[in-house]
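I opened my notebook to look up a few things in this protein. My notes follow in the order I made them.

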Amino acid sequence: MAGVMNRLRNLDAYPKINDDFYSRTLSGGLITLVSSIVMLILFFSELRLYLHPVTETQLRVDTSRGEKLRINFDVTFPALACSIISLDSMDISGERHLDVRHDIVKRRLDSYGNVIETRQDGIGHTKIDNPLQRHGGRLEHNETYCGSCYGAEASDEECCNSCEEVREAYRKKGWAMSDPEIIDQCKREGFVQRVKDEEGEGCNIFGYLEVNKVAGSFHFVPGKTFRQSGFHLQDLLVFQGDNYNISHKVNRLAFGDYFPSVVNPLDGVQWSQETLNGMYQYFIKVVPTEYTDVKAHIIQSNQFSVTEHFEKTEAGQAQSLPGVFFFYDLSPIKVIFTEQHVEFLHFLTNVCAIVGGIFTVSGIIDSFVYHGQRAIKKKMEIGKFG
């Protein structure tokens, strides 16, 4: 047994020195104090990294198919009334949605930006007050109302019971409604007067679009958009004039749900138009993004980058419509963010590296200072006695 103990004693890599041989110096005390402070700072820094999750980033090819893309928007037009702004969307698959109204809210704004009224999209309500029937006579008692579409009916049974339904029928036919005053529904609803009453007002429009996950565009334009001979035209009301100020502020624009650390570059962007009539265009590159938090909750969303361009147009040009246009395309690369905690063994390894590294470096510095002081002292003594 004694032999085994002696062998273990010979393996001791840390031989002890008698206290009588220790020499404590002022420089050694200062180095010890500084190294201890540095060691504590690095330890707490490593502890903070251990307690807080870190985010790992990966890039992969996006293989998703048949998904929908949600576009959340909040845009303010200080010089365009809510009654004339319409929202259209289209994509490269051929799907078009003109004058989108569902899931959209408009707020009328005064010249100071204060909210006057908040309403779902649409102007006025149908007033059944002795209206004109499709056959030309007035509505009689106990008779079902069926208004005329003024030649834009898709079938003999179709009815247009409001001004908006007449405008929609015209749009589907590719016709422009030049004078709403001759339309009985618009006249009864006070459509023209309401539009005139909103002159000089602004509009805040917000909501969301659900579109196919393919390249496409959406835009805010004055009037209703319709197609004729392959071109997109706008039903601009004659009493509104020819010039439109499309100054705007993008309060928020996001493609998908929010996730931590996301940056939407268009949030808060404002642009003021100096010359009337023009197309303000945003060209957006959408990057699919997947975010997984420490609780394994997955958020499917998107990031995007953007460039801008303003194209001045002349009134009456069929292919250059005044408005704000957002053209987006999707990247084939998907970014994956994964939140995760540092493993305890990794944390322990780093702490040991910090303690051992600082102890070793401080020992080297102390040895260099101690022997340097001794060498200088010895030279001074030699010079003194020489």
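Which residues is Phe-220 in contact with, leaving aside its neighbours within four places in sequence? I listed Phe-73, Val-75, Phe-77, Ile-85, Ser-86, Leu-87, Ile-205, Gly-323, Val-324 and Phe-326. I note here that the model is predicted.

**Entry: the cores**

I looked up the largest nonpolar core next. It has 34 residues. Phe-220 is among those with the most contacts inside it, along with Leu-253, Ile-284 and Phe-326.

**Entry: the disulfides**

How many disulfides does the structure hold? I counted two. I reminded myself that a disulfide is a covalent bond between the sulfur atoms of two cysteines.

I took the pair Cys-82 and Cys-203 to begin with. A disulfide joins them, with S to S at 2.1 Å. This pair links distant parts of the chain, 121 residues apart. Cys-82 sits in the loop between strand E2 (68–77) and strand E3 (85–91), while Cys-203 is in strand E7 (residues 202–212). I looked up the torsion about their S-S bond. It is about 100°, so this disulfide is right-handed. Are Cys-82 and Cys-203 buried or exposed? I found both Cys-82 and Cys-203 buried.

Then I turned to Cys-149 and Cys-160. Their disulfide has an S to S distance of 1.8 Å. Cys-149 lies in the loop between strand E6 (115–120) and helix H3 (163–173), and Cys-160 lies in the loop between E6 and H3, so the pair ties together parts eleven residues apart in sequence. The torsion about the S-S bond of Cys-149 and Cys-160 is about 95°, so this disulfide is right-handed. Cys-149 has a relative accessible area of 0%, so I wrote it down as buried. Cys-160 has 1%, so I wrote it down as buried too.

**Entry: Arg-96**

Where does Arg-96 lie? I found it in strand E4 (residues 96–97).

**Entry: the record**

I searched UniProt for "transmembrane region". The unreviewed entry lists residues 21–44 and 344–370. I looked at residues 344–370 in the model. The chain there is 100% helix and 0% strand. The end C-alpha atoms are 39 Å apart.

**Entry: the whole protein**

I counted six helices and 16 strands. The protein has 386 residues, and buried residues make up 38% of them. Among contacts with a separation of 6 or more, 73% are between residues 24 or more positions apart. The protein exposes about 23100 Å², and carbon and sulfur atoms supply 56% of that.

**Entry: confidence**

The mean pLDDT is 80, and 79% of the residues reach 70 or more. Where does pLDDT stay under 50? I noted residues 122–129 and residues 236–240. The model has 19 contacts beyond four places in sequence for residues 122–129. For residues 236–240 it also has 19.

Conventions:
Residues numbered from 1 in each chain as written. Predicted model: local features only at pLDDT ≥ 70, side-chain atom pairs only at ≥ 80, totals over all residues. Heavy atoms only, no water. Disulfide = S-S within 2.5 Å. Helix = DSSP H or I, 4+ residues; strand = E, 2+ residues; numbered from the N terminus. Buried < 20%, exposed > 50% of the residue type's maximum accessible area, 1.4 Å probe, protein only. UniProt positions renumbered as here; feature names shortened; annotations may be inferred. Core = buried A, V, L, I, M, F, W, Y, C linked by side-chain atoms within 4.5 Å. Contact = heavy atoms within 4.5 Å. pLDDT = per-residue confidence, 0-100. Areas by Shrake-Rupley, 256 points an atom, 1.4 Å probe, with all protein chains shown as cover.
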